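Dear colleague,

Please find the structure below, followed by a summary of what was found in it.

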Amino acid sequence: MMAKRRPLIAGNWKMFKTGPEAAELAGQLKVLVSDIADVDVLVAPAFTAISVVAETLKGSAIEVGGQDLFWETEGAYTGQVSAPMLKAAGCSHVIVGHSERRQYFGETNGTVNRKINIALKGDLIPILCVGESDAEREAQETFLVVKEHLDKGLEGIDGDGLAKLIIAYEPVWAIGTGKTATAEQAQEVHRFIRDWMEKAGGNSIAKALRILYGGSVKPGNIAGLMAMEDIDGALVGGASLDAESFAGIVRGSLGVAQ
Ligand code: PGA
């Protein structure tokens with residue numbers, strides 16, 4: 001078996017936590033995971049909390065990401081935030097194409113593609129989210145939908161770009177619902193994503209690609225997911241809002257029982 005990729009546990013704080021609340025959570029987390037060296041840890045606060053969280057996390061290995069970005073570098077685009085703004089505020093990563101953006105804010109594979117391009121150009125590591133809805137799974141369209149998210153979202157991205165990317169498989173029916181995909185269900189899609197990457201970027205990029213699972217990840221189910229060959233970490237929503245439970249997931253990703 002090939003060497004396991006370094007795990008990444010990322011917390012998506014969504015529209016939770018004011019600046020002071022986010023700073024408090026980041027401060028707790030910094031202490032709780034300070035002894036864990038073998039996992040990459042990242043948090044994605046709301047835009048208004050990014051600077052204060054980055055400041056709080058100085059001196060720790062925890063990285064900071066944005067939850068979205070706009071596809072231009074600057075301009076008259078009221079309400080939007082650009083890659084250089086995220087970078088200057090302390091972000092190394094940015095989530096692109098989260099299903100909530102696709103569902104509520106008109107995100108399409110086309111806008112995702114523009115955002116991936118501008119993120120890479122701005123030296124941010126994109127975390128591309130893909131995944132099927134309940135109805136699509138029922139209709140046995142899971143692979144079709146994931147393939148389309150990848151084909152269109154990553155259209156025209158060259159090998160250098162593909163090598164930087166992180167992909168998160170998040171079945172929409174498992175997000176915030178308490179329904180986790182079984183480790184086997186997740187593994188089967190993760191394998192499909194890695195095979196897609198092998199065709200698009202070649203063997204070594206596919207082997208190194210980190211594919212996160214997202215959807216109701218908790219301290220109690222992370223170890224089972226991580227035991228799967230192609231699951232390299234998690235994108236965590238609800239359970240990332242509490243420092244103890246998020247730290248439990250970070251620890252659990254190493255196979256430490258929670
Ligand atoms: P959840 O969210 O962990 O609350 O299901 C995951 C996500 O949306 O990234």
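A backbone N or O atom of G176 lies 2.6 Å from an oxygen atom of the ligand, a polar contact being a pair of N or O atoms within 3.5 Å. The model is predicted: local features need pLDDT of at least 70, side-chain atom pairs count only at pLDDT 80 or more, and totals for chains, interfaces and linings use all residues. Residues are numbered from 1 along each chain as its sequence is written, and side-chain values use heavy atoms, without hydrogens and water.

A polar side-chain atom of H98 is 2.7 Å from one oxygen atom of the ligand, and a polar backbone atom of G237 is 2.8 Å from an oxygen atom of the ligand. Of the 290 Å² of accessible area that the ligand has on its own, the protein covers 95% (Shrake-Rupley method, 1.4 Å probe).

The ligand is surrounded by 13 residues, and K14, H98, E170, G176 and S216 are the closest; a residue counts if one of its heavy atoms lies within 4 Å. This shell has seven polar, four nonpolar and two charged residues, with Gly counted as polar and Asp, Glu, Lys and Arg as charged.

As for the fold, eight strands form a closed barrel in the order β1-β2-β3-β4-β5-β6-β7-β8, with parallel pairing. Strands are DSSP runs of E with at least two residues, and two of them pair if DSSP finds at least two bridges between them. Strand β2 (residues 40-44) pairs with strand β3 (residues 63-66) over two bridges, and V64 in β3 is the bridge partner of V43.

Yours sincerely

Note on methods. Helix = DSSP H or I, 4+ residues; strand = E, 2+ residues; numbered from the N terminus. Polar contact = N/O pair within 3.5 Å; in protein donor to acceptor, adjacent residues only side chain to side chain.
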